[in-house]
Amino acid sequence: MSFTLVQQATPRLHRSELAVPGSNPTFMEKSAKSAADVIFLDLEDAVAPDDKEQARKNIVQALNDIDWGTKTMMIRINGLDTHYMYRDVIDIVEACPRLDMILIPKVGVPQDVYAIDVLVTQIEQAKRREKRIGFEVLIETALGMANVEAIAQSSKRLEAMSFGVADYAASLRARSTVIGGVNPDYAVLTDKDEAGGRQTHWQDPWLFAQNRMLVACRAYGLRPIDGPFGDFSDPDGYRSAARRCAALGFEGKWAIHPSQIDLANEVFTPSEAEVTKARRILAAMEEAAKAGRGAVSLDGRLIDIASIRMAEALIGKADAMARA
């Protein structure tokens, strides 16, 4: 273990992150009754320019009047390259003590996060806010991905990163037709078999980007969250995309439609078998420690201190979900 120890972000249950347009109060009321762990009320892409001001008012009223239970409540502000951003932050942070986090879109450099941090810090001091606002940033441009490690260290408020596949694909000029989906042209062709036949194996065009963001998050104590899957009529496609990310180490995924919430919660909730095995690992290591051994075999496999860390992390996540 390195002598450099990184403080972990504020722990939050983050299996599903539901996007709700700030211009639609009806959707906000319905979302409060959903099973989503995190909800972000959107002021950016889901809101037309002429509706931005009214959307802010809708969000202020919703955050103050609706019972959101134990959900983590977040707003997605407009980008720093727009004149909407500063009023998004001021109008809502000043008026909404229930707000937990701010989602910052299209972050390209650490200074983008710093700018929002300065503004939020001043508001918290002026209003004597007792609850500290956390940040989630969207990595959705080539510039943001090129600077992802520096961005991950940009603010003590930073808790999570999301991968925004649609804008990222546009930034790369990638040939993408489905948000979060794959492309049949991104494939490899096997050599010919004895009969001259060949097979085509589709590849995941987003794997490199997801992995790079994931490493930055885990290196600096943040939660990695996968972004949207655009075809909400394709639950199998959504579940497959979520499983790939869960296997890599992501903690959750966006839901752009209520039908995707349960899918995300299902995929990112440890199974009973996984939790049982993790508890067996801890029990086996405890017995080994009593016997003065640093490693032990369980079910024919070696387990050691690294196994303990993985087991403890999984059990901690399962316990948090049980309390939700």
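This is a predicted model: local features need pLDDT of at least 70, side-chain atom pairs count only at pLDDT 80 or more; totals for chains, interfaces and linings use all residues.

A pocket, as the word is used here, is an open set of grid points with protein on both sides within 12 Å along at least five of seven lines, and its volume is the space filled by probe spheres set on the points.

| Largest | about 1500 Å³ | 23 nonpolar, 10 polar and 13 charged residues |

Of the 46 residues that line the largest pocket, Glu251, Ala313, Leu314, Lys317 and Met321 are the closest to its centre. Helices H8, H9, H10, H11 and H12 each supply at least two residues of this lining, and the largest share, 10 residues, comes from H12.

The second largest pocket is lined by 25 residues, of which Ala19, Val20, Ala46, Ile256 and His257 are the closest to its centre. Strand E1, helix H1, strand E2 and helix H7 each supply at least two residues of that lining, with E1 giving the most, four residues.

Turning to the helices, H2 (residues 52-65) and H3 (residues 85-95) pack at an angle of about 20 degrees, and their axes are 10 Å apart. Because angles under 35 degrees count as roughly parallel, H2 is roughly parallel to H3. The crossing in which H2 passes H3 is right-handed. On the H2 side the contact is made by Arg56, Ile59, Val60, Leu63 and Asn64, and on the H3 side by Arg87, Asp88, Asp91, Ile92 and Ala95; these residues divide into five nonpolar, one polar and four charged.

Definitions and conventions. Residues are numbered from 1 along each chain as its sequence is written. Side-chain values use heavy atoms; hydrogens and water are left out. Axes are lines fitted to C-alpha atoms, for helices over the stretch in contact, and angles run from 0 to 180 degrees between N-to-C directions. Angles under 35 degrees count as roughly parallel, over 145 as roughly antiparallel, 65 to 115 as roughly perpendicular and the rest as oblique. A crossing is left-handed if the near helix is turned anticlockwise from the far one by less than a right angle, and right-handed if clockwise. Contact means heavy atoms within 4.5 Å. Ala, Val, Leu, Ile, Met, Phe, Trp, Tyr, Cys and Pro count as nonpolar, Asp, Glu, Lys and Arg as charged, and the others, Gly among them, as polar. On a 1 Å grid over the protein atoms alone, a cavity is a set of points where a 1.4 Å probe fits but cannot get out, and a pocket is an open set with protein on both sides within 12 Å along at least five of seven lines; lining residues have an atom within 4 Å of a point.
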